[in-house]
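Subject: Structure for you to look at

Hi,

Here is the structure I promised to pass on. Have a look at it first, and then read on for what turned up.

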Amino acid sequence: MAGTGAGGNDVQWCFSQVKGAIDDDVAEADIISTVEFNHSGELLATGDKGGRVVIFQQETENKCQPLSRSEYNVYSTFQSHEPEFDYLKSLEIEEKINKIRWLPQKNAAQFLLSTNDKTIKLWKISERDKRPEGYNLKEEDGRYRDSTTITTLRVPVFRPMDLMVEASPRRIFANAHTYHINSISVNSDNETYLSADDLRINLWHLEITDRSFNIVDIKPANMEDLTEVITAAEFHPHQCNTFVYSSSKGTIRLCDMRASALCDRHSKLFEEPEDPSNRSFFSEIISSISDVKFSHSGRYMMTRDYLSVKIWDLNMENRPVETYQVHEYLRSKLCSLYENDCIFDKFECCWNGNDSVVMTGSYNNFFRMLDRSQRRDVTLEASRESSKPRQVLKPRRVCAGGKRKKDEISVDSLDFNKKILHTAWHPQENIIAVATTNNLYIFQEKVN
Amino acid sequence: MRRNSAVRASMCRLDVESAVKEVGQSIGDVLSSPRYVLGRGVKRKLVDCEDPVPDLPYPLQRQLVMDLCLDKLQSCHRRSEPSLHRSVLLANTLRQLQQEMRQEGGGLSPTLAAACPAHAAPATPRHTPDLPPVPSDCVLAEEALPSLTSCHDLIFGSFEITNSTSYLTDLAPDDIFDDIDTSMYDPSDFSVLAFPSLRVGSGAPSTNGEEGLKTFSSCSPSSALQHRLSDLNDLDQIMEILVRS
């Protein structure tokens, strides 16, 4: 596997491509809300606030030049979800795509699950490069022929045509969630998947849309007693009976579906005691976990809270094995971030192909690469200014206080409207997709 | 929707003030691209305010946070994207601060007492809209608190998505199978057609669904599917021949 041996900091990242409108006038519908590579990395899907899914395909590399760059070009675009209106509550149900998850490929077609707040859909994306011609009863344009004019019979034939990529909804999994869906995760058995909302997690069979099993329910009998919500959930990559879910109180629960039908009692509870020296009014808010991801190996999991990324060994519940500060300079700004609501931003995180480097986003269109093996980290920026072809990204530094050095940017100059919440890493190569508000940046490892 | 102009963290009085002088030095440096224009000698909001005192007395700091909390909780419904997660975090923070204050024996500010008179419309007996200003005793605090907790139901209760819209959004199963062309090559289509009760469309009555399930499990789908797959392979070969001709 080319390129995965190198740590995040031996790797130099270069700009490859940027997708999306150039102008600064952002249409709300274009705001990217999720990014996901498929299992081979050949396809890259994005979902946006307008309910659309855009899939990019990696061009097959030039075989003569194995180190040449491969580009991602639009493969398919479709409207996945439409806005709905809940008449009883007078609330609009957003069409924003919260998550996309690919199914492993089984035949020529590709399948993905996409979800908004309420409904999950299974989409089939297939290619068509042949078209039947020579029907007896129809003209080529589809009009029916006058049957009295038909004097001979012929066999319709398939003729090549320009490649057409079609997306069609194969299953719609609806009406199973009362609260807003935040996660979906396909099981390693390739037959089931889970969907999680604020208070419940449901287990589905991919073929069955009219029923699902509720496997976690943390809704209290009295809503006044509600103090904790589910923030993310994921199946273990290899053990089909195991899944985890994170909470707004900074805990992660690992559940084994073999133990009981309703997994209200966790098998393991991962929680780190709070550092008393860091206590503030906002301690609980910043401890809320915004994302949880298993490593590819299945041995570790990573959680993202507001200021840090933690790596947990599944065998150790009382504390993470590694903790990385994403933007510690924000700790002294928590009140301002609370005032402007940024403190509630939900950042995602991701692993590289061999679990040696993790990545997460920050503000000012910065994103962070945290190298686990070399214990180093780097801050990079996704910006139009650094968008010349193959331009190497320069590390960024934020000055927390005191004298600001050249090339550093002070905390007060950070743009908190430019946040990178969604990032994805190619499963095998050093190619990353980073979503700013309405642009998708693709960076690749520098190739000499 | 937030305008896409640069948003800086407007300085909250509680935050540590980084050297405001730094702002002036940004002129002419590497980072002085137009995007950072607001960093160029433009006075931060904080400077315009009265005293930027980072060390407010703790009770005042706490009061500020609580005021913000209440503000946000009350405006929950006005948000375009109501979030249960956010509301729970706010409520927890508020509760924590209240507990702290109760333990200290301090009184509650009028802002808390007037917390959600509007929300607690089905008023609890202890809710008194005409609270005297500047309460400083615990008794009043106790009285005011229940009215806040009774808000929780109203705050948290509004996040449920009802199923009333299902009849508007169910995808008509027929639409998918209108196009005959696509059915030729894909085995998964076949399995769907063979077991019609498992089709897309969540409105299937439960009995149908159960039958469908039984059919699914009892007719050893693997062998049926295998058979159909080999049929399709033959079909594939025939198509190949036709295309070449």
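A residue is called buried here when its relative accessible area is under 20%. Keep in mind that this is a predicted model.

By that cut-off, A:Glu36 and A:Arg101 are both buried. They also form a salt bridge, with the closest N and O atoms 3.1 Å apart. The two come from distant parts of the chain: A:Glu36 sits in strand 2 (residues 32-37) of chain A and A:Arg101 in strand 8 (residues 99-102) of chain A, 65 residues apart.

The side chain of A:Glu234 does reach a backbone nitrogen, that of A:Phe294, at 2.6 Å. Beyond its neighbours within four places in sequence, A:Glu234 is in contact with several residues, including A:Ser185, A:Leu194, A:Phe243 and A:Lys293.

Back to the charged pairs that do count. Over all chains, the structure holds 32 salt bridges.

- A:Glu381 and A:Arg396 meet at 2.5 Å, N to O. The glutamate lies in strand 27 (residues 376-381) of chain A and the arginine in the loop between strand 27 and strand 28 (397-399) of chain A, 15 residues apart.
- B:Arg62 pairs with B:Glu104, the closest N and O atoms being 2.8 Å apart. Helix 2 (residues 58-74) of chain B carries B:Arg62 and helix 3 (residues 84-104) of chain B carries B:Glu104, so the bridge ties together parts that are 42 residues apart in sequence. B:Arg62 counts as buried because its relative accessibility is 4%.
- A:Asp30, A:Asp48 and A:Arg52 are linked in a salt-bridge network.

Now the rings. A search of the whole structure gives 21 aromatic pairs over all chains. One of them is A:Phe270 with A:Trp312, edge-to-face, at 5.9 Å centre to centre and 80 degrees between the planes. This pair also links distant parts of the chain, with A:Phe270 in strand 19 (residues 268-270) of chain A and A:Trp312 in strand 22 (residues 308-313) of chain A, 42 residues apart. A:Phe270 has 0% relative accessibility and therefore counts as buried; A:Trp312, at 1%, counts as buried too. Elsewhere, ring pairs link A:Phe281, A:Phe282, A:Tyr338, A:Phe344 and B:Tyr58 into a cluster.

Last, the cysteines. How many disulfides does the structure hold? Zero, over all chains. Take A:Cys263: the closest cysteine sulfur is in A:Cys255, and at 5.2 Å that is too far for a bond. A:Cys350 is in no disulfide either, since the nearest cysteine sulfur, that of A:Cys349, is 7.2 Å away, against a cut-off of 2.5 Å. A:Cys263 counts as buried, at 2% relative accessibility, and A:Cys350 counts as buried at 7%.

Cheers

Terms used: Residues numbered from 1 in each chain as written. Chains lettered and ligands numbered in written order. Predicted model: local features only at pLDDT ≥ 70, side-chain atom pairs only at ≥ 80, totals over all residues. Heavy atoms only, no water. Polar contact = N/O pair within 3.5 Å; in protein donor to acceptor, adjacent residues only side chain to side chain. Contact = heavy atoms within 4.5 Å. Buried < 20%, exposed > 50% of the residue type's maximum accessible area, 1.4 Å probe, protein only. Phe/Tyr/Trp six-rings, centres within 6.5 Å; stacked < 30°, edge-to-face > 60°. Helix = DSSP H or I, 4+ residues; strand = E, 2+ residues; numbered from the N terminus. Salt bridge = Lys/Arg side-chain N within 4 Å of Asp/Glu carboxyl O.
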